[in-house]
Amino acid sequence: MKTIEIKLSLLVVFIQFVSLFGKAQPNNPFGNALIPDMVADASIQEIDGTFYCYATTDGYGKGLATSGPPVVWTSKDFANWSFSGFYFPSAVGEKYWAPSKAVAANGRYYIYPTVNGFMYPAVSDSPDGPFRLAIGEDKFLKPYSSATLLQSTDPEGPKGIDAEIFIDDDGQAYVFWQRRKAAKLNADMVTVDTNIITIPTPRENYSEGPIFFKRKGIYYYLYTQGGHEEYQYAYVMSKTSPLGPFDFPKDDIISTTNYESQVFGPGHGCVFNAEATDNYYFAFLEFSRGGTNRQTYVNKLEFNGDGTIKPVDLTLNGVGVLKRVKHNKKKFVANSTASTIRPDMKIKPITDETLDRTESFVPDFAFDGANGSRWMPMPEDSTCWLVADFGKPTKIKRSQLYFVRPTAGHAYVLEYSSDNKNWIKCGGHLEERLQSPHTDDLKISARYLRVRIIKGVKGIWEWNIY
């Protein structure tokens, strides 16, 4: 009897909630993405206390015919990420995919992206850039130039994408790339030893996005299988050298579609560990919105006592803060309204019809801190505004705006009000800036804060107000 009474009480509360606040909020099927943007093929590492994420910038709407520009996202705590400008200026406007981690060697940093379908070595004095081509003039020629990492007499150019670099304890560098290829890198870090091998693996389907790392004397080589919703990772391991011989673990698939947690196609990513720890993490792109509209997620990577890798318990929940950094407390937004709201969008599966996702674009998604959801207005909305209502007059110190497609630049106006009618300008900028977030330091007291997007793609991933 008591159980029935409790259920009825809960039902009454729910009905009251719906009557007060309208229909229940739509679901966010994209979880807690790492970055408030569409990024894939992530290479993540920690350098001198700062986390770096080099990746393919997705979401430019032309599939594999294009990409966004080269930007590097950085974070002190692994939860709050930012970028400003481009780290590889000469590569802006090119098809820029799958950069490696930044490798320290010869007193400098080297990075190996795939540009216009070819791997290139680039160099800089800092992991923040600016990087330039490490060979010859800092200029990209099409279809390719002599500055490529691999050399070939084939008139179509050298074959290979998705470089992964590993430097062993003895200082010898190795490069791994598409189709299980591997070789030593020469000491100059820009030329490859002519003894190129194909790593033997028990699974022989097309493979890309290699991952290579060493832990407790064991070398791990991870390679992808399939693609789209069927993307997955398998691995082999060696206790001898980066080039083998390799052992084939029985349970060699460590990431694959998880229907229970609704993770589809966990593919091209990386493995990294926090500095001076044995805490390892697996970053992967997920099918997300299909095609080249993907996002990146991170899960914990764990090992068995014999060094084999445990299959990853894949979720879209993220791992949260990895290093404690003092931040001001975010203000509670009691309600949010917008000029318009884009209609729901049904995600189209490519190979797996069980994928059932609908993306919604409600204003509240800009304040959920999840990075996987966003507010977007109707495409024809020329006013384009979003209002945060704190419910009462509130002291506000700072605003941080993470716009949709931030790598293309934005301009905006920030205003505050006590009555949601009369507005006073307090921030923003009218010239387009290529950064995320856009930060305004404020000293105001207001119940309402409004942003009007003047230039750039209309929409906001996250709006943090302190």
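Two strands are treated as paired where DSSP finds at least two bridges between them. In the predicted model, this criterion applies to strand S23 (residues 335-338) and strand S26 (residues 385-403), which pair in the antiparallel sense over four bridges. Within this pairing, Ala-338 stands opposite Leu-386 in S26. Leu-386 also stands opposite Val-451 in strand S30; S30 covers residues 438-455, and its antiparallel pairing with S26 extends over 12 bridges. Strands of a sheet pair through backbone hydrogen bonds, in either a parallel or an antiparallel arrangement.

The chain as a whole contains one helix and 31 strands. Its radius of gyration is 24 Å, close to the 23 Å given by the globule rule for 466 residues, so the chain is as compact as a globular protein of that length. The C-alpha trace spans about 70 × 65 × 40 Å along its principal axes. Of the 466 residues, 55% count as buried. Among contacts between residues at least 6 apart in sequence, 60% join residues at least 24 apart. The chain exposes about 21100 Å², of which carbon and sulfur atoms supply 51%.

The largest nonpolar core has 27 residues. Phe-213, Tyr-220, Leu-222, Val-271, Phe-282, Leu-301 and Ile-309 are the residues with the most contacts inside this core. Two or more residues each are contributed by strand S16 (211-215), strand S17 (218-225), strand S18 (232-238), strand S21 (280-286) and strand S22 (295-301). Apart from neighbours within four places in sequence, the contacts of Ile-309 include Phe-213, Tyr-220, Leu-222 and Leu-301. Ile-309 is also in contact with Tyr-235, Asp-251 and Ile-254, among others. A second, separate core comprises 22 residues, among them Ala-338, Cys-384, Leu-442 and Ile-453.

No disulfides are found in a search of the whole structure. Cys-384 is in no disulfide, and the nearest cysteine sulfur, that of Cys-426, is 17 Å away. Cys-426 likewise has its closest cysteine sulfur in Cys-384, and the separation of 17 Å is too far for a bond. Cys-384 counts as buried because its relative accessibility is 1%, below the 20% cut-off.

Tyr-52 stands opposite Thr-74 in S3. Strand S3 (residues 72-75) is covered on both faces: Val-72 and Thr-74 on one side, and Trp-73 and Ser-75 on the other, are all buried.

An open sheet of three strands has the order S5-S8-S9, with antiparallel pairing. Strand S5 (96-97) and strand S9 (118-119) stand at the edges with a single partner strand each, so one side of each lacks a neighbour in the sheet. Strand S8 (residues 114-115) is joined to S9 by two bridges, and Val-115 has Phe-118 in S9 as its bridge partner.

Val-115 is also among the contacts of Phe-140. Phe-140 is located in the loop between strand S11 (132-133) and strand S12 (164-167) and, at 9% relative accessibility, counts as buried. Beyond neighbours within four places in sequence, Phe-140 is in contact with Phe-88, Ser-90, Ala-91, Glu-94, Val-115, Tyr-120 and Leu-133. Phe-140 and Pro-127, 13 residues apart in sequence, are 21 Å apart in space from C-alpha to C-alpha. The loop between S11 and S12 also holds Pro-143, and the peptide bond from Lys-142 to Pro-143 is cis, with omega near 5°.

A cis peptide bond also links Gly-244 to Pro-245, with omega near 5°; Pro-245 lies in the loop between S18 and strand S19 (253-255). Most residues other than glycine have a negative phi, and most peptide bonds are trans. Met-189 has a positive phi, near 65°. Met-189 is found in the loop between strand S14 (181-185) and strand S15 (197-198) and is buried, at 3% relative accessibility. Ser-288 is not a glycine either, and has a positive phi of about 55°. Ser-288 is placed in the loop between S21 and S22 and counts as buried at 0% relative accessibility.

How values were computed
Residues numbered from 1 in each chain as written. Predicted model: local features only at pLDDT ≥ 70, side-chain atom pairs only at ≥ 80, totals over all residues. Heavy atoms only, no water. Disulfide = S-S within 2.5 Å. Buried < 20%, exposed > 50% of the residue type's maximum accessible area, 1.4 Å probe, protein only. Core = buried A, V, L, I, M, F, W, Y, C linked by side-chain atoms within 4.5 Å. Contact = heavy atoms within 4.5 Å. Rg over C-alpha atoms; globule rule 2.2 N^0.38 Å. Areas by Shrake-Rupley, 256 points an atom, 1.4 Å probe, with all protein chains shown as cover.
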